[in-house]
Amino acid sequence: MTETTGRYADFEGLRRQAIALRREGLSRRQINRLHVHNNDILNRLLVGEPAPEWTKRPNAKDDLREKARELRRQGMTYDRIQVELGCSKSSISLWVRDLPKPVPDHSAVEQARLAGRMRWDHELAIRDAERQQTKDAAEGEVGAMSDRELFFAGVALYWAEGSKDKSYSRRETVTFINSDPDVVKVFLAWLDLLGIERERLRYRVMIHESADVTAAELYWADLVHADVSTFQKTTLKKHNPKTVRKNVGAGYRGCLVVRVSKGADLYRRIEGWWRGITSQAQLRLG
């Protein structure tokens, strides 16, 4: 017998012993009593022989896998299974890929959409309440407004929204235009503070021709407590059908133009006041 044949005979003998021990239910560690301490050789000796059940480690995901398959059989989507079990979509896909895809239940889909909309509406209501709470708190922080505070507010408001004199176009007139009724009220209160008589005020509406012009004129006349017949001729803006406008509907009333007659001197004072404000602000900036 050659050395190679002897080694082969020894291997076959070891294999028979290893298999016998394996079939008795021994673990790999217990089979090592054959003095086979090389894992590669032990693997070759035990090839084709399954490990005893008691040696197998339990798979922590086996329960999840079975639950996922059961939910899939019930017709659940990957998203719903993920919500139910808290596992990844990739794992779910691997576990249930051999199962048929569920037929969509259109009524269930519609119910899910409705539930989603209701949840979103609830969230929006909460956000709106938070916004309103912040606004109400900020409003309370203002408190009573002094004449001096209204004075500065009016100067800044006019300089933001009123007409201005330019070197290339001499216009020392006080003309204010805005679409926000509250802004117009603040401006009128400021003029009252300055002692400008209401008889000196001239009103005119600017609005798109496609809007309800008469309703807009009545609205602004009521706001400023004036007879609509005293308003100057309304300026109509031509309607362009290609333009997608947001200022449409019953709430659209155009803009109100307020002009102070014989206002050149007042305009010069406004410009001077504004320069004073900006000078003081510059000092704060350093």
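What share of the 286 residues in the protein is buried? In this predicted model, buried residues make up 27% of the 286 residues. The protein has 11 helices and 4 strands, and among its contacts with a separation of 6 or more, those between residues 24 or more positions apart account for 68%.

## The sheet

The 4 strands form an open sheet whose order is E1-E4-E2-E3, and the pairing within this sheet is mixed. Its edge strands are E1 and strand E3 (235-237), each of which pairs on one side only, and the twist from one strand to the next averages 20°.

Strand E4 (residues 255-260) is joined to E1 by 5 bridges, and these two strands run antiparallel. Strand E2 (residues 201-208) is likewise antiparallel to E4, to which 6 bridges join it. Val 260 in E4 takes part in both pairings: Val 260 is the bridge partner of Val 174, and Leu 201 stands opposite Val 260 as well.

Is strand E1 largely enclosed or largely open? Although E1 is one of the edge strands, 4 of the 5 residues of this strand (residues 174-178) are buried, and E1 is therefore largely enclosed by the rest of the structure. Helix H9 (residues 181-193) lies across E1, E2 and E4 and runs at about 155° to E1.

When residues up to four places away in sequence are not counted, Thr 175 touches Tyr 158, Gly 162, Ser 163, Val 257, Val 258 and Arg 259. Of these, Val 257, Val 258 and Arg 259 fall within the range of E4 (residues 255-260), whereas Tyr 158 is a residue of helix H8 that also takes part in the contact with H9. Thr 175 and Arg 202 are 27 residues apart along the chain, and their C-alpha atoms are separated by 9.3 Å.

| Helix pair | Axes come within | Crossing angle | Handedness |
|---|---|---|---|
| H4 and H5 | 10 Å | roughly 140° | right-handed |
| H8 and H9 | 9 Å | roughly 120° | left-handed |

How do H4 and H5 lie relative to each other, and what class of residues makes up their contact? Because angles over 145 degrees count as roughly antiparallel and those of 65 to 115 as roughly perpendicular, a crossing at roughly 140° makes H4 and helix H5 (residues 78-85) oblique to each other. H4 contributes Leu 64, Lys 67, Ala 68, Leu 71 and Arg 72 to the contact, while H5 contributes Tyr 78, Ile 81, Glu 84 and Leu 85. By class, this contact of H4 with H5 has 6 nonpolar and 3 charged residues, and no polar ones.

Helix H8 (residues 147-161) and H9 cross at roughly 120°, and they too are therefore oblique to each other. On the H8 side the contact is made by Asp 147, Leu 150, Phe 151, Gly 154, Val 155, Leu 157 and Tyr 158, and on the H9 side by Val 183, Val 186, Phe 187, Ala 189, Trp 190 and Leu 193. The residues of this contact divide into 11 nonpolar, 1 polar and 1 charged.

## Residues in loops

Pro 52 lies in the loop between helix H3 (39-45) and helix H4 (62-73). Is Pro 52 buried or exposed? The relative accessibility of Pro 52 is 12%, and this residue counts as buried because the cut-off for that class is under 20%. Leaving aside neighbours within four places in sequence, Pro 52 is in contact with Arg 22, Gly 25 and Leu 26. Of these, Arg 22 is 30 residues from Pro 52 in sequence, while the two are 7.6 Å apart in space, C-alpha to C-alpha.

Conventions
Residues are numbered from 1 along each chain as its sequence is written. This is a predicted model: local features need pLDDT of at least 70, side-chain atom pairs count only at pLDDT 80 or more; totals for chains, interfaces and linings use all residues. Side-chain values use heavy atoms; hydrogens and water are left out. Buried means under 20% relative accessible area, exposed over 50%, partly exposed in between (1.4 Å probe, protein chains only). Contact means heavy atoms within 4.5 Å. Two strands pair if DSSP finds at least two bridges between them. Axes are lines fitted to C-alpha atoms, for helices over the stretch in contact, and angles run from 0 to 180 degrees between N-to-C directions. Angles under 35 degrees count as roughly parallel, over 145 as roughly antiparallel, 65 to 115 as roughly perpendicular and the rest as oblique. A crossing is left-handed if the near helix is turned anticlockwise from the far one by less than a right angle, and right-handed if clockwise. Ala, Val, Leu, Ile, Met, Phe, Trp, Tyr, Cys and Pro count as nonpolar, Asp, Glu, Lys and Arg as charged, and the others, Gly among them, as polar.
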